[in-house]
Amino acid sequence: MIALNNLNIEATCPICAALLRATGWYMPGMRILARAQCAGCRRDFFVDLPAGQGLHSPMILDRATGAVHDRVGVAWFADWLRISFRERTGTTTALTIDRRLPITRTAVLINCLDTLYGHALLKLFSVQQYLDAGEFDVILIVQPFLASLVPKGVAETWLVDLPLPDGIRWSDSLAEAIATQSARIEDLRLAPVHPHPHASIVSIERFSSVPPFATNQWHAEGTKKVTFIWRDDRIWSPAGWLAPRGQVKAVAAFFVALRREQPHLDAAVAGLGTSGGLPDWIADKRFARPSENVERDWLRLYADSHAVIGVHGSNMILPSAHAGSVFELLPDSRQGNFLQDILFNGTDPRDLLFRYRFVPDDIAPARLARLVAFVLARYPDFDRLMSFDAGHDRDVRA
């Protein structure tokens, strides 16, 4: 962890290559920066601290010119810093403090602010390892859309009134407010939040308050629940189907084909979008502006679903963590982001490979239905075949 009250950095000047010396830290939003001065040319810089994306692609910003020096070639992260600094504002950004527990120990600060929903959500999941360590008081900085997922045990939540589309905003007023709150904490550390936490450190129920699908439910005969995860801005476009209306038709065709294999199918569509256009027997749970209650209903729906299907993206993080199985439609353009939107429900790699499937996003509805139907029907047999008595296995190997 990074001791903010005694900050050290390992960076060199992009102009003269002399060492940079930290003179303090600054948090104007999602960026967590060290103020730094060059020991050689005396220029002043901001340097990304090693937290979040800054762990992998730290940038250096020249405070006099606004130039961003990207030594690792991550253009989008450099652009966000360049744009936010150029368009920085002194407009007040509200910071609301929710004090839940007293701070009596070393405090760990976790900044979840972001302009992408999935990035912010994955940062939030990192809190569990610090709560479980039992050695720290945890402070979370979050935007309103994450407030309902803050787990029990967090000492303080600092709620920033920052809409998701404005997530890269550089607010000097927010930096001042954060500095004021931080000053009252004697020993404050910055958590080196990994942008993609390992599923083994995340118990999703602690965040959602909804137990995930238990695979032993699968063995019960009867209705199988399947949910398509909808978003209007990244659509399923099977070959030969016109978008965007084509997605409605494709989803309907998929469920029609699946119902032939599973006559007692309980079908639903959930996510960000406008309802309508689907057969009446498909539960339409799309909302353009979901309330907290709607989002809670979605979580319960995911956890009741034997399978969820959706196009790759942050929309799949919570469904994948809760559902019995996952079928992700992966566009060619997102191959480089493979698995970044998935939280696995389970630990046995064989079991996960059976229940988590990744297919091209141009797959035809009928073919996708056959694949989903196979997993729905055959998982109990697979589970019995792969189950073993761990104690007996040890006896054999002995």
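Modeller: Happy to! Let's start at Cys 38, which is buried, with a relative accessible area of 0%; buried means under 20%, exposed over 50% and partly exposed in between, using a 1.4 Å probe and protein chains only. Keep in mind that this is a predicted model, where local features need pLDDT of at least 70 and side-chain atom pairs count only at pLDDT 80 or more, while totals for chains, interfaces and linings use all residues. Residues are numbered from 1 along each chain as its sequence is written, and side-chain values use heavy atoms, leaving out hydrogens and water.

Cys 38 is accordingly in none, and its nearest cysteine sulfur, on Cys 16, is 3.3 Å away. Cys 112 is another cysteine that counts as buried, also at 0% relative accessibility.

Now for the sheet. Strand β3 covers residues 33-38 and is joined by 5 bridges to β4 (residues 44-48), the two running antiparallel. Within this pairing, Arg 35 sits opposite Phe 46 of β4. Strands (E, at least two residues) and helices (H or I, at least four) are DSSP runs numbered from the N terminus, and two strands pair if DSSP finds at least two bridges between them. The open sheet has 5 strands, ordered β2-β3-β4-β5-β6, with antiparallel pairing. Because β2 (20-26) and β6 (68-69) each have a single partner strand, they stand at the edges, and one side of each is left without a neighbour in the sheet.

Leu 20 brings us back to our cysteine: among its contacts are Cys 38, Ala 36, Gln 37, Phe 45, Val 47 and Ile 60, residues up to four places away in sequence not being counted. Contact here means heavy atoms within 4.5 Å.

Leu 20 also matters for the packing picture. A nonpolar core is a set of buried Ala, Val, Leu, Ile, Met, Phe, Trp, Tyr and Cys residues joined through side-chain atoms within 4.5 Å. The largest such core has 49 residues, and Leu 20, Trp 25, Leu 49 and Leu 109 touch the most other members. Helix α1 gives the most to this core, with 5 residues. Apart from this core lies another, of 45 residues, including Val 142, Ala 270, Tyr 302 and Met 316.

How values were computed
A disulfide is a pair of cysteine sulfur atoms within 2.5 Å.
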